[in-house]
Amino acid sequence: MRTGPGRQYPIEWVYTLKGLPFEVVDEDGPWRQVKDIDGATGWIHVTLLTGHRTAMITGRMHKLYADPDPRSPLRLTADPGVIGDLLACQGTWCRLEIDGTKAWTERKYLWGVFPREEFK
C-alpha cells in the first residue's frame, strides 16, 4: 500500500495475508485508495486487488451456523482474524465459506461488509 496513487509514492505497508478485505474509499485511474481493518488508508494498484468479496471474523471466537438462526446446527467456530469468502448477506446475517464449509454468522461479527448491505 502506497502513500499516494502512483509508483512514485513510498510503500507504507506490505500485506501478505491472502484474501484480506479492504474498503475502497476512492479511485484515481488504476489506483484504489483502501482502508484496512485497523483504519490504515493508502493506495493499491487495481492489479493487486480482486472483486472477490471476503470478510474477517472480529472480536472473539465466534460460532457459525447452518442457517441464519442461532438455533440451527453449528457448522464451525472461527477465531478472530479468520477470513472467509463472503457469499451472501440478508438482514443481520451473512454467509461465509471458510475452508470449504459454508455457514452463517451475524454481520456484527464481521469486517468487510457494510451495516445494511444485502446481496446474494
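How many bridges join E2 to strand E3, and do the two run parallel or antiparallel?

Modeller: E2 and E3 (residues 41-45) are joined by 5 bridges and run antiparallel. A quick word on the ground rules: this is a predicted model, where local features need pLDDT of at least 70, side-chain atom pairs count only at pLDDT 80 or more, and totals for chains, interfaces and linings use all residues. Residues are numbered from 1 along each chain as its sequence is written, and side-chain values use heavy atoms, with hydrogens and water left out.

Now to E2 itself, which spans residues 31-35. Strands here are DSSP runs of E, at least two residues long, while helices are runs of H or I with at least four, numbered from the N terminus. E2 is mostly covered, with 4 of its 5 residues buried (buried is under 20% relative accessible area, exposed over 50%, partly exposed in between, using a 1.4 Å probe and protein chains only).

On one side, E2 pairs with E1 (residues 23-28), again antiparallel and through 5 bridges; to count as a pair, two strands need at least two DSSP bridges between them. Look at Lys 35 in E2: its bridge partner is Glu 23, and Lys 35 also stands opposite Thr 41 in E3.

The two turns are worth a look too. The hairpin of E1 and E2 has 2 residues between the strands, and Gly 29 there takes a positive phi near 60 degrees. E2 and E3 form a hairpin with 5 residues between them, where Gly 39 in the turn has a positive phi of about 90 degrees.
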